[in-house]
Amino acid sequence: MNIIDIIVKKKNKEELTEEEIKYVINSYVEGSIKDYQMSSLLMAITINDMSNDEIKYMTKYMLESGNRLDLKDVVDKHSTGGVGDKTTLIVAPIVASCGVRVAKMSGRGLGHTGGTIDKLESIPNINLNLTKEEFIKEVDDINMAITSQTDNLVIADKKIYALRDVTGTVESIPLIASSIMSKKIASGAKKLVLDVKVGNGALIKNIEDARRLANIMVSLGKENNIDVICMLTNMDIPLGSNIGNTLEIEEVLDILTNKKDNNLRHLCIEISSYMVSLGLSITYEEAKKLVISKLNDLSAYNKFLEFIKYQHGDITKLTKKARVYNIKSNVEGYITKIDAYKVGRLSMLLGGGRENKEDVIDYSAGIILNKNINDYVNKGDILFTIYTNKDISNIDLNILNITKDKIDEQSLIYEIIK
Ligand code: URA
């Protein structure tokens, strides 16, 4: 078999066979297919798509590229990635404090979206490279653990994910579906809540594509005996008000200590309720009551602190060593758009994300939004605050619209697909 023939076949919109997909994944992992060849094939897939069978084989051979875990009775969650999306860090302690085991393998930022591991790394000393044994022991001891993908699990995804991030091939339904589901099947979870983000700040821009991705992932789940609930949620505006690694950890603490009530808190309650209903086999309504009580009595907050301490992090040593700029309004009116894509990109340019594979993140960098949709602003009001160590003179700070009239309320959750 020859990689060039396979690239040309995909370029010509032909369907790849199981054998060809197996060859591509195995040879890329073992190194005989080079990054530039794989990039070319990934671009052909991004442009010309894959059939459901191709996606099934892609998932299967990615899964087989590494080991599998057998985590007993855990409920897992995964988001396709958004701006300000720190839900894992809030949902995992809520769900664990309800008595459901959560073992989460998370990733780094992709494109303009942030990654849970980067956010957690802003906590000094934290260990996010748990061995399989440490990961399982922590879940046994405190009901939750979060680690970066362990070395030998879905090795193909580790390599492909990093390459996609820097080759404009992130926004592809077959690549997203196989990346997420190979990891979820490998982790051994039998119950899973997926948050497919839709909107201009998400990898998926419209509801039809989101539905297709959700249905593919639900079917891949069924074929592998995993109960999947897929939520389609709004990513036209950022989740919460803080974007950037340390700033996001601060917002996690604000939500868990009930200091803030916003779209982030609402979404976390919804995701947690579906996870708890799956985990405890109770109704969604019963689960939601339990979730809210664990937030209100600070059990979830205490679980978060327990988890950080278990993984040797020191939450008292969060630092923001950056210059601070308040950006003020020079007009008056209602805020009618906070452009999630532009906010994510701005955070990256301020140092909070990677433009290139080898870039080092500045954990202090980011944005705090001071206003919500439909808030009225006067001239001179602070719209948002930025934290950065970069020169901002050539950075576009135009991330929101102010108009004369309010807009209609936007939904946070569009659909649930099971
Ligand atoms: N999350 C993943 O794990 N993989 C993707 O491709 C996109 C989001």
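What does the accessible surface of the protein chain come to, and what percentage of it belongs to carbon and sulfur atoms? The accessible surface is about 17,200 Å², and 47% of it belongs to carbon and sulfur atoms; the area comes from the Shrake-Rupley method with a 1.4 Å probe. The model is predicted: local features need pLDDT of at least 70, side-chain atom pairs count only at pLDDT 80 or more, and totals for chains, interfaces and linings use all residues. Residues are numbered from 1 along each chain as its sequence is written, and side-chain values use heavy atoms, with hydrogens and water left out.

**Fold and dimensions**

- The protein chain contains 15 helices and 13 strands, which are DSSP runs (helices: H or I, at least four residues; strands: E, at least two).
- Its radius of gyration, taken over C-alpha atoms, is 21 Å, close to the 22 Å of the globule rule (2.2 Å times the number of residues to the power 0.38), so the chain is as compact as a globular protein of 418 residues.
- The C-alpha trace spans about 65 × 45 × 40 Å along its principal axes.

**Interior**

- Of the 418 residues, 56% are buried, meaning under 20% relative accessible area (1.4 Å probe, protein chains only).
- Among contacts (heavy atoms within 4.5 Å) with a separation of 6 or more, 78% join residues 24 or more positions apart.

**Cysteines**

- The count of disulfides (pairs of cysteine sulfur atoms within 2.5 Å) is zero.
- The sulfur of Cys 98 is 13 Å from the closest cysteine sulfur, in Cys 268, too far for a bond.
- Cys 98 counts as buried because its relative accessibility is 9%, and Cys 268 counts as buried at 1%.

Key. Buried means under 20% relative accessible area, exposed over 50%, partly exposed in between (1.4 Å probe, protein chains only).
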